[in-house]
Amino acid sequence: MTKQKTTAGPGAIPIRPMNDGPITYPLAGLSAVSSDARRLHQVACVRQKLERDVFDDTSANRWVTREQAEAFKPTERMLAAIAELEAVHLAEYRSEYTSLYATNVHEEYTVARGRGSQLIRVRTFDEYPQESNLLAVLLGADCESRSGSGWEEVTILARHETATDVEHSASSTARLVIRNPSPPTFAGYGRTTFTGVLTEARLYPLGTDPLAVSSEDTPAGRWCSSKHCDEPHPIASFAPPEVESLRGPRFVTVETFPMRPYLVAEPPEYAAAATAPTEPTESENA
């Protein structure tokens, strides 16, 4: 009996890293670090190159030559503040350049988690986008657009993994409404960016567990035991409270990234080729 060979198709497109390293984000606001770390962060936001002792008030206005700047090494006190900022991802120190790259964060900075498909960063700015402050990082959120006569808006939602409100609508861990969004721009690794006007910001303070927050109609720790639900699940507020300091329109920049790479199904012709018999070879006929 002649043996039959099969030719394996190329298979599904393999998963590859989406960027050169993990996407990091601040784990704390500036109020959570020491006064030394806050002072160094403030200096780094203005000038990345560390060329003098920032804790020596007598050197604040002293002229520093290029040679002195290149030869400067951070003091022990500065290194301790740098380590504190790096531990919570508020800055990154590059020793080869003696430079500290700080992330500007809003005073209401927070992180929300959800079951959406995107990582979304929202930054506020007054006039120039390059002078923005990071307001929120949403891990697992989605953008939903609506439009009408002369207006358009995008709602950014991070929906809780399992919780619903009392009416069994999905409970949100973050909700941001942006009017007049600009046409999006696209960059590498699936990043999409657009600007707009923030008109509503509903966010929990950083580190808040939505299930531990009580509202007018939802006490903390409530669970649903309805016979219509497949299994018990937590009940939480429909959305976080509106952030008082963010009332009123303000400019924002929104960046979205896919949360994870996906396997791409192989084309049908490859699947057919993987199982189709081939002609026997001469050695097999012998």
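View 1. Leaving aside its neighbours within four places in sequence, Thr-193 touches Pro-183, Pro-184, Thr-185, Thr-253, Val-254 and Glu-255, where contact means heavy atoms within 4.5 Å. This is a predicted model, in which local features need pLDDT of at least 70 and side-chain atom pairs count only at pLDDT 80 or more, while totals for chains, interfaces and linings use all residues. Residues are numbered from 1 along each chain as its sequence is written, and side-chain values use heavy atoms, with hydrogens and water left out. Thr-193 belongs to strand E9. Helices (H or I, at least four residues) and strands (E, at least two) are DSSP runs, numbered from the N terminus. Is Thr-193 buried or exposed? Thr-193 has a relative accessible area of 17% and is therefore buried; buried means under 20% relative accessible area, exposed over 50%, and partly exposed in between (1.4 Å probe, protein chains only).

View 2. Two strands pair if DSSP finds at least two bridges between them. Strand E9 (residues 192–203) is joined to E12 by 7 bridges, and the two run antiparallel. Within this pairing, Thr-193 has Glu-255 of E12 as its bridge partner. Strand E4 (residues 118–125) also pairs with strand E12 (residues 250–258) in the antiparallel sense, over 8 bridges. Here Ile-120 stands opposite Thr-256 of E12. In a regular strand the side chains alternate between the two faces of the sheet.

**View 3. The largest nonpolar core.** A nonpolar core is a set of buried Ala, Val, Leu, Ile, Met, Phe, Trp, Tyr and Cys residues joined through side-chain atoms within 4.5 Å. The largest one has 27 residues, and those with the most contacts inside it are Leu-40, Leu-50, Met-78, Leu-85, Leu-100, Tyr-109 and Val-137. Two or more residues each come from helix H1 (35–46), helix H3 (76–87), strand E1 (91–94), strand E3 (105–113) and strand E5 (133–148). Which element gives the largest share of this core? H3 does, with 4 residues. Beyond its neighbours within four places in sequence, Tyr-109 is in contact with Tyr-25, Pro-26, Ala-28, Leu-134, Leu-135, Ala-136, Val-137 and Leu-206. A second, separate core has 21 residues, including Ile-120, Leu-176, Ala-201 and Val-243.

**View 4. Helices H1 and H3.** The axes of H1 and H3 come within 9 Å and cross at roughly 85 degrees. Axes are lines fitted to C-alpha atoms, for helices over the stretch in contact, and angles run from 0 to 180 degrees between N-to-C directions. The two helices are therefore roughly perpendicular to each other, a term for angles of 65 to 115 degrees. From H1, Asp-36, Ala-37, Leu-40 and His-41 meet Arg-77, Met-78, Ala-81, Ile-82, Glu-84 and Leu-85 of H3. This contact has 6 nonpolar, 1 polar and 3 charged residues (Ala, Val, Leu, Ile, Met, Phe, Trp, Tyr, Cys and Pro count as nonpolar, Asp, Glu, Lys and Arg as charged, and the others, Gly among them, as polar).

View 5. Thr-98 is not a glycine, yet has a positive phi of about 50 degrees. Thr-98 lies in the loop between E1 and strand E2 (99–102) and, at 4% relative accessibility, counts as buried. Asn-180, also not a glycine, has a positive phi of about 50 degrees. The loop of Asn-180 runs between strand E7 (170–179) and strand E8 (185–186). With a relative accessible area of 53%, Asn-180 is exposed.

Conventions: Parallel < 35°, antiparallel > 145°, perpendicular 65-115°, else oblique.
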